[in-house]
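The stops below are given in the order in which they may be selected.

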Amino acid sequence: MAMSLVTERSGKTARLTLDGELTIYEVAGIKAELAEVMHGIDEIEIDLGGIAEIDTAGLQLMLIAKRNPGKHVRFVNHPPCVLRLIDLANLGGMLGDPLFISATESARNMP
């Protein structure tokens, strides 16, 4: 599945919706598009709800976005694949966004 990026701008804020795979095969293109969107924007919300697959390249892109000086980047609507990778890499605190885990997801991960 190809990655699509939908942007909504309002003054100095933007909302991005990512859909598809956030893997090494798509990250280079998304990184360029994300840099373009972030130009002139102070606050950005990135909706991850449509992500079907993510790998460490996608996680690295998330970290790069968060570390962008002068920008407030917030990730929302984390799907299970993103939550698993963030947990595996122990980066929940580094990304600094509230992560919501549903009761059914928690039950699936119980031993």
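Of its 29 residues, select I44, I46 and M62, which touch the most other members. Strand 2, helix 1, strand 3, helix 2, strand 4 and helix 3 are the elements that each contribute two or more residues to this core. Helix 2 gives the most, namely six residues. Helices (H or I, at least four residues) and strands (E, at least two) are DSSP runs, numbered from the N terminus.

This is a predicted model, in which local features need pLDDT of at least 70 and side-chain atom pairs count only at pLDDT 80 or more, whereas totals for chains, interfaces and linings use all residues. Residues are numbered from 1 along each chain as its sequence is written, and side-chain values use heavy atoms, with hydrogens and water left out.

Next, centre the view on I44. Leaving aside neighbours within four places in sequence, I44 is in contact (heavy atoms within 4.5 Å) with A14, L16, L34, V37, M38, H72, V73 and R74.

Now display the strands. Strand 2 (residues 13-22) and strand 3 (residues 43-54) pair in the parallel sense over nine bridges; pairing requires that DSSP find at least two bridges between two strands. Select G20, and its bridge partner I51 will be found in strand 3. From strand 2 the chain passes through helix 1 (residues 24-38) to strand 3 in a right-handed β-α-β crossover.

Continue to strand 4 (residues 72-76), which runs parallel to strand 3 and is joined to it by five bridges. Select I46 again: opposite it stands F75 of strand 4. A right-handed β-α-β unit is formed by strand 3, helix 2 (residues 56-66) and strand 4.

Finally, inspect two backbone angles. Most residues other than glycine have a negative phi. N77, in the loop between strand 4 and helix 3 (80-89), has a positive phi near 60°. N77 is partly exposed, at 48% relative accessible area. In the loop between helix 3 and helix 4 (92-95) lies N90, whose phi is also positive, near 55°. N90 is exposed, with a relative accessible area of 69%.

Technical notes:
A crossover is right-handed if, with the strands pointing away from the viewer, the path from the first strand over the helix to the second runs clockwise. Buried means under 20% relative accessible area, exposed over 50%, partly exposed in between (1.4 Å probe, protein chains only). A nonpolar core is a set of buried Ala, Val, Leu, Ile, Met, Phe, Trp, Tyr and Cys residues joined through side-chain atoms within 4.5 Å.
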